[in-house]
Amino acid sequence: MALMAFSQGWTSEQIAKANTAKDVAVLSSVEKDAITYINLARLYPQDFVRYEIPGYYGPAKYGEYLKGSPYISSLISDLNRAKPCEALVFDVDAYENAKCFAIEQGLAGQEGHTRINCKKGNYAECCSYGMETGKDIVMQWLIDHNVASLGHRINCLNAAYKKIGLSVQYHKKWGKVAVADMIW
């Protein structure tokens, strides 16, 4: 993974510590980047505020739909109060579960958290639609724009979770779907 994919402020040591999935052969670079971004927010919450949030208004293809979003302000508050927690590490069972559901949703063109053919496990789940980079996927979850419960943000930053499986697949409505399943 190229250091240049991340904002300038991060040190190579910070990225290396967050990049827990770098050697996982089944993951794409986008999936590895997404895990790294989640881990940067977990390990270095205040640095994440400084390096990743300023000027972030969503992917260019969607316009600046996040400009002025109160959800960005609440994320900044949450991260500024957050204590660092452990990085998530890759888990093959969580990955297979996330991959199954991403494929299921993508082929059906569905959104949400209702599984039909994929097993229901004891996972904290995040789903993202239409995002093409690891950063955009994670920012969608962390900002959680118009999601009153902030469930995706809570899942990503919950120190109780130790492992992650994350899969990005084709989605017939949105182009891409990402599913992350996190476990204890």
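**Exercise 1.** Which residues does the UniProt annotation "domain: SCP" cover, and how far apart are the end C-alpha atoms of residues 81-179?

*Solution.* According to the unreviewed UniProt entry, "domain: SCP" covers residues 81-179; such annotations may be inferred rather than shown by experiment. The end C-alpha atoms of this span lie 27 Å apart. Its content is 35% helix and 22% strand, where helices (H or I, at least four residues) and strands (E, at least two) are DSSP runs numbered from the N terminus.

The model is predicted: local features need pLDDT of at least 70, side-chain atom pairs count only at pLDDT 80 or more, and totals for chains, interfaces and linings use all residues. Residues are numbered from 1 along each chain, and side-chain values use heavy atoms, without hydrogens and water.

**Exercise 2.** Which residues of H4 are buried, and which exposed residues does the face turned away from them carry?

*Solution.* Step 2: they lie on the same side of H4 because they cover an arc of only 100° around the axis, taken from the directions from the helix axis to the C-beta atoms. Step 3: the face turned away carries Pro70 and Arg81, both exposed (over 50%).

**Exercise 3.** Asparagine 146 and leucine 150: buried or exposed?

*Solution.* Step 1: asparagine 146 is in the loop between H6 and H7, and leucine 150 is found in that loop too. Step 2: asparagine 146 counts as exposed, at 59% relative accessibility. Step 3: leucine 150 is buried, at 17%.

Notes:
Buried means under 20% relative accessible area, exposed over 50%, partly exposed in between (1.4 Å probe, protein chains only).
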